[in-house]
Amino acid sequence: LKQVYGAQFFKAPGFLSTCWGVVRQEIAPRGVFLEDDAAAQFQRTAELAFKWHNKVPVLIIADDREMATRITAQLQTVASAKEFNAKDVVRSLSRDILEAVPEQYKDNLFK
């Protein structure tokens with residue numbers, strides 16, 4: 001990379017190591033889960049997302065914007081059933097929101 005592109009390399013600090021008052025914890029992989037079909041995969045995804053949402057930010061990456069919008073709606077339904085404020089607990093960062101309501105996207109990103 002250095003020879004071909006003239007890239008320069010530098011040592012960057014680890015994630016959160018530059019934040020005041022934050023004690024860095026070792027990251028523990030939580031595993032990869034593949035289910036037999038889309039419904040079972042969604043169930044597992046929702047289970048893990050709601051298990052961890054109070055401890056860490058949860059980011060779910062979808063195949064495309066339509067799937068992101070569909071998963072957001074499904075997760076908001078599950079959140080409501082669990083008596084959470086669904087729009088507060090599940091926030092979309094899909095391109096659909098970005099293009100349709102940029103301010104909502106920004107609010108969702110920084111809440």
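In the predicted model, helices α2 and α3 have axes that come within 11 Å and cross at roughly 60°. On the side of α2 the contact is made by F42, A46 and F50, while α3 contributes I71, Q74, L75, V78 and A79. Sorted by class, the residues of this contact comprise seven nonpolar and one polar, with no charged residue among them.

The largest nonpolar core of the model consists of eight residues, namely F42, A46, F50, I71, L75, A79, A86 and V90. Two or more residues of this core come from each of α2, which spans residues 38-52, and α3, which spans residues 65-81. In soluble globular proteins, nonpolar side chains tend to be buried together. F50, a member of the core, is in contact with L75, V78, A79, K82, F84, V89 and V90 when its neighbours within four places in sequence are left aside.

Residue Q76 is also placed in helix α3. With a relative accessible area of 16%, which is under the 20% limit, Q76 is buried. Beyond its neighbours within four places in sequence, Q76 is in contact with A86, K87 and V90, and of these contact partners A86 and V90 are listed among the residues of the largest nonpolar core.

Between α3 and α4 lies a loop that contains E83. The phi angle of E83 is near 65°, a positive value in a residue other than glycine, whereas most residues other than glycine have a negative phi. E83 has a relative accessible area of 73% and is exposed, since the limit for that class is over 50%. Helix α4 itself covers residues 86-89 and includes D88, which is partly exposed at a relative accessible area of 35%. Although D88 and N108 are 20 residues apart in sequence, their C-alpha atoms are 8.6 Å apart in space.

When residues up to four places away in sequence are not counted, E35 touches A40, Q41 and R44. The C-alpha atoms of E35 and T45, residues that are 10 places apart in sequence, are separated by 9.9 Å in space.

Terms used:
Residues numbered from 1 in each chain as written. Predicted model: local features only at pLDDT ≥ 70, side-chain atom pairs only at ≥ 80, totals over all residues. Heavy atoms only, no water. Core = buried A, V, L, I, M, F, W, Y, C linked by side-chain atoms within 4.5 Å. Buried < 20%, exposed > 50% of the residue type's maximum accessible area, 1.4 Å probe, protein only. Helix = DSSP H or I, 4+ residues; strand = E, 2+ residues; numbered from the N terminus. Contact = heavy atoms within 4.5 Å. Axes fitted to C-alpha atoms, helices over the stretch in contact; angles between N-to-C directions. Nonpolar A, V, L, I, M, F, W, Y, C, P; charged D, E, K, R; others polar.
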